[in-house]
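Subject: Model handover

Hello,

Here is the model we talked about. Please open it alongside this message.

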Amino acid sequence: MASVTVRDVVKRFGEVQVIHGASFDIRDGELIVLVGPSGCGKSTMLRMIAGLEDITGGEIAIGTKIVNNVPPRDRDVAMVFQDYALYPHMSVEQNIGFGLKMRGVARKDVRTQVQRAADILQIEHLLRRKPKQLSGGQRQRVAMGRAIVREPQVFLFDEPLSNLDAKLRIDMRTQIKRLHRQLGTTSVYVTHDQVEAMTLADRIVVLRDGVIEQLGPPDELYEHPANRFVAGFIGSPTMNFLPARVVARDGGLGVELAGGVCLPVPEARAPAYAAHKDRHVTLGIRPEHITDPASTRDGDVAAKLEVMIDVVEPLGSDTMIFARLGESDLVARSDPKAVGEVGGAMTLLANMSNMHLFDPESGAAL
């Protein structure tokens with residue numbers, strides 16, 4: 001195992017710069033997830049760590065060794081690809097052990113290491129099958145087994161679950177989390193799916209247009225986003241954003257929405273926002289913090305919202321309400337029994353203890 005250091009890394013393809021001086025450290029044994037929308041540079045970053053792409057500037061180190069000019073085969077990393085990359089004419093056992101065989105490992109030792117990987121991934125019963133006889137999830141486990149037997153310093157995962165259906169993605173997330181806990185190998189995981197990022201990562205690197213917007217543990221990004229982009233990208237459904245103005249209210253502060261609705265700022269949050277009084281802002285609040293009155297809890301600083309229901313999405317344990325609040329769209333999470341009729345009015349309560357304010361121009365958190 002080893003740490004990974006990315007320092008002031010730049011990547012250009014011709015005249016187009018896709019990574020803009022990125023820097024972050026991955027601790028020994030940590031699972032870091034690079035997440036962001038398509039085209040943000042996350043896969044390019046992973047491929048530079050793997051040595052599959054040259055870097056234009058900066059340094060990448062694995063352990064104490066700078067690997068800028070080290071070929072992929074000598075970096076002691078193992079990569080799990082999106083498309084599995086299995087040899088169709090080989091059995092599962094042969095696919096997993098192929099890399100060891102090419103390195104001249106004795107046949108007996110290859111068999112031992114393949115069996116160990118198969119035990120970890122619970123695919124012992126598949127060792128004699130060919131890839132075409134496997135499901136997508138089974139193929140991905142074979143690809144992971146091939147990486148495990150190499151016993152690398154670093155695992156690299158390039159959107160490994162994107163070809164799987166929803167249920168298999170959930171199952172494989174659990175497998176990867178269990179695998180990392182069991183092996184403790186430093187891992188870098190790329191995905192565009194923020195749910196994967198939240199559930200897998202020790203820390204998350206959020207990228208946009210080749211720039212790191214925020215790096216931190218999942219709960220930190222969820223509860224304290226650095227800007228509107230991170231706030232909107234982390235969390236599902238996305239955070240509600242409402243144009244507002246900070247105003248004086250009942251001896252404290254409030255946020256006034258379009259149409260004159262004024263919501264209280266909790267006393268604990270007021271000192272941080274006092275300098276922004278009379279300023280136009282963007283109010284952010286997550287759907288799970290806007291709910292029906294019966295679902296509120298003691299201690300919540302609740303603000304009443306009168307909305308018109310547009311769409312209702314039942315999810316079983318709860319229901320998503322897509323509504324209109326004045327001229328703004330709003331998403332709320334409600335108890336199914338409390339939902340009103342589509343096209344009708346409904347009273348919702350916003351827990352202002354979980355509010356966020358952003359600069360409407362820069363998007364920075366205030």
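This is a predicted model: local features need pLDDT of at least 70, side-chain atom pairs count only at pLDDT 80 or more; totals for chains, interfaces and linings use all residues.

Residues are numbered from 1 along each chain as its sequence is written, and side-chain values use heavy atoms, with hydrogens and water left out.

Overall
The protein has 9 helices and 20 strands. These are DSSP runs numbered from the N terminus (helices H or I, at least four residues; strands E, at least two). The C-alpha trace spans about 80 × 45 × 35 Å along its principal axes. Of the 366 residues, 47% count as buried (under 20% relative accessible area, 1.4 Å probe, protein chains only). Take contacts (heavy atoms within 4.5 Å) between residues at least 6 apart in sequence: 67% of them join residues at least 24 apart.

Strands around S16
Strand S16 (residues 302-314) runs antiparallel to strand S19 (residues 345-351), with 7 bridges joining them. Pairing requires at least two DSSP bridges between two strands. Glutamate 306 has threonine 347 in S19 as its bridge partner. S16 also pairs with strand S17 (residues 319-325), again antiparallel, over 6 bridges. There, proline 314 is bridged to threonine 319. S16 and S17 form a hairpin with 4 residues between them. Check glycine 316 in the turn: its phi is positive, about 95°.

Cavities
The structure holds 2 cavities of 30 Å³ or more. A cavity is a set of points on a 1 Å grid over the protein atoms alone where a 1.4 Å probe fits but cannot get out; lining residues have an atom within 4 Å of a point. Points are joined across faces, edges and corners, and volume is the space filled by probe spheres set on them.

The largest cavity has a volume of about 50 Å³. Its lining is Leu242, Pro243, Leu257, Ala258, Leu325, Glu327 and Ser328. By class, that is 5 nonpolar, 1 polar and 1 charged. Nonpolar covers Ala, Val, Leu, Ile, Met, Phe, Trp, Tyr, Cys and Pro; charged covers Asp, Glu, Lys and Arg; the others, Gly among them, are polar.

The second largest cavity holds about 40 Å³. Its lining has 6 nonpolar, 4 polar and no charged residues, including Leu31, Phe155 and His180. Strand S7 (154-158) and helix H5 (166-183) each supply at least two lining residues. H5 gives the most, with 4.

Best wishes

Terms used:
On a 1 Å grid over the protein atoms alone, a cavity is a set of points where a 1.4 Å probe fits but cannot get out, and a pocket is an open set with protein on both sides within 12 Å along at least five of seven lines; lining residues have an atom within 4 Å of a point. Buried means under 20% relative accessible area, exposed over 50%, partly exposed in between (1.4 Å probe, protein chains only).
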